[in-house]
Amino acid sequence: MAAGESSTHFLDVRVAPDAEVDVPADVVVSSGEVRHTATGERGVSSEGIPARYATAGQVRAETVGNTLVTCTEPENPEKPKNPWPWPWWERPPAPESGIDDPLVPPERSTDSETDGDPDSGPDTGDADLRRTPADTEAPGTEGRGALDDLLGEEGGIGGEEPEFDHDLPGIPELPEHEGSDGGESGTEVPELPQAPEETEGPDAPEDGYEEEPEEDEETGECAQARDRSGDRLDNDNWLMAPLDDDRDPTTTSSSAATWELPEGGSVRWAGLYFSAAGDPSTPTARIKGPGMASYTTVTATDVRSAELPAYPAYQAFAEVTDLVRSAGGGQWWVGDVPATDGRGTYAGWSLMVILEDPSVEGHRQAMVLDETSAVFQDEVGARFPVSGLLPASVPATFDVVAWEGDAELGGDRVLLDGVPLDPREGGGDAGNVFVSSARGANGDPMTFGTDVVRFDAQLGRESEIRISSGQDALLAGAIVLTAPMRT
């Protein structure tokens, strides 16, 4: 450099495990005979969370995820008159009456000969409300036969063969009778009344029968919940079962999410997080990217557990940089993570990718912070300090991964320096952030118990991100943050 010129350089510093706490580091810069020592503002802090990964350059992050469980429609879709209150995690046992389930009526016998049999027990009447009773007599006939209605009051048959309107539904052709060749053969058959012409309303079908409306295969409350509608959105309302969307017979659970690699971009780092109810010792997951013929099994290198109010839960991490770098952007599938089925349980995954993007302006820093903390009715919650890492007052973007969020339980918030933030997208707001909504998820809008949410914020030198809860029980997972390294 010539005299009077200035330059900015960025250094990646690796901190030794035995580094002294709160001692600022010295950096020596030399060029030829010129030598200068610069002292940092602060040293290693004993508080905070160590970064899982950090880098700088023309970088940004992409975070996606999805659930691995879904609700199941109950066998009896009718709600009980006196439902038991939440949170009863198991259905109350049936009384010892020989009936498997007190809420489901016994099957009614279809054998008509048992109606008068004293050994068959009392008549159950309409005990099985699901079966429509058969019509024993057409309304309005009052004992008259159908043939009497067709032939009139006299009911005689003879004389000339009547001309029948074959367009009328349900009237068969009468067989030929002796003497029907035009000669006299008895009582004259009256003409049948013509069907009245419709003057209003929809056109009648050509065959005389009204078309039955097509039944909607997904009209139950579970189908509504998966579509983020209805009044039973939370997994606490349902018996949860594995979601298996990939049509691959080798998987028992699977779901997909999509992210895009920018033109000219590359993958610097990628990490897979997965979490579920349970406490496995060495959890594994199966992952498949674009163009891959089959799944690859990855084993977690870091597993942490926490206690939620109803069950233990875990979060596992596996680095998948080489795999993601090879396959690139597009649709990614994850499945077969260890999980516990049952009422109110969850299972899901999130893929974090740090990208080199030529379209990013300036020099930016990206860092991944993860923590497995249960947050339940806790206004302080889980803390993610980012003090001293960034210049003052810079615009930043960060993604938050959390587990077991319920849409119908409010009060869960993401705060920056004590101020609640509104998510950039998804179904939540500043007062109820974690509503089972995951960025990039393919399939149903409701991602039961899995949240991947993006925020925009203005960070300062002493900023802290917190995840708190007023009503909901959450498992704080991970944060990936990107921000400029200079103002």
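I take buried to mean under 20% relative accessible area, exposed over 50%, and partly exposed in between, with a 1.4 Å probe and protein chains only. With that rule, Ser-436 comes out as buried, at 4% relative accessibility.

**Ground rules**

I am working on a predicted model, where local features need pLDDT of at least 70, side-chain atom pairs count only at pLDDT 80 or more, and totals for chains, interfaces and linings use all residues. Residues are numbered from 1 along each chain as its sequence is written, and side-chain values use heavy atoms, with hydrogens and water left out.

**Whole chain**

I started with the inventory. The protein chain has three helices and 23 strands. Helices (H or I, at least four residues) and strands (E, at least two) are DSSP runs, numbered from the N terminus. I then looked up burial: 38% of the 487 residues of the protein chain count as buried.

Next came contacts, meaning heavy atoms within 4.5 Å. Among contacts with a separation of 6 or more in the protein chain, 77% are between residues 24 or more positions apart.

I also noted the accessible surface, about 28900 Å² for the protein chain. Carbon and sulfur atoms hold 47% of that surface. Such areas come from the Shrake-Rupley method with a 1.4 Å probe; for residues, only the protein chains shown count as cover.

**Five-stranded sheet**

In what order do the strands of the open sheet of five strands run? I read β4-β15-β8-β12-β11, with antiparallel pairing. Two strands pair if DSSP finds at least two bridges between them. At the edges stand β4 (59-67) and β11 (302-307), each with a single partner strand, so one side of each has no neighbour in the sheet. On average, neighbouring strands of this sheet are turned by 15 degrees against each other, direction ignored. The axes behind that angle are lines fitted to C-alpha atoms, for helices over the stretch in contact, and angles run from 0 to 180 degrees between N-to-C directions.

I followed β15 in detail. Strand β15 (residues 347-356) pairs with strand β8 (residues 266-277) in the antiparallel sense over ten bridges. Strand β4 also pairs with β15 in the antiparallel sense, over nine bridges.

Which residues face each other? I found Phe-274 opposite Trp-349 in β15. Trp-349 is also the bridge partner of Asn-66. Gly-271 has Met-352 in β15 as its bridge partner.

Is β15 enclosed or open? Nine of its ten residues are buried, so β15 is largely enclosed by the rest of the structure. I kept one general point beside this: in a regular strand the side chains alternate between the two faces of the sheet.

A second look gave an open sheet of three strands, ordered β5-β6-β14, with antiparallel pairing. Strands β5 (69-71) and β14 (342-343) are at the edges with a single partner strand each, so one side of each is left without a neighbour in the sheet. Strand β5 runs antiparallel to strand β6 (residues 239-242), joined by three bridges. Thr-70 stands opposite Ala-241 in β6.

I searched the whole structure for disulfides, that is, cysteine sulfur atoms within 2.5 Å, and one turned up. The disulfide joins Cys-71 to Cys-222, with S to S at 2.1 Å. Cys-71 lies in strand β5 and Cys-222 in helix α2 (residues 221-226), so the pair ties together parts 151 residues apart in sequence. The torsion about the S-S bond is about 95 degrees, so the disulfide is right-handed. Cys-71 is buried, at 4% relative accessible area. Cys-222 is buried as well, at 1%.

**Glu-464**

I found Glu-464 in strand β22 (residues 464-468). Its side chain joins that of Arg-383 in a polar contact of 2.5 Å. A polar contact is a pair of N or O atoms within 3.5 Å; within protein, one must be able to donate a hydrogen and the other to accept it, and residues adjacent in sequence count only if both atoms are side-chain atoms. Leaving aside neighbours within four places in sequence, the contacts of Glu-464 include Phe-384, Val-386, Leu-415 and Asp-417.

**Positive phi**

Most residues other than glycine have a negative phi. I noted Arg-228, with phi near 60 degrees. Arg-228 sits in the loop between α2 and β6 and is partly exposed at 27% relative accessibility. Ser-436 also has phi near 60 degrees. Ser-436 is in the loop between β20 (419-420) and β21 (450-459).
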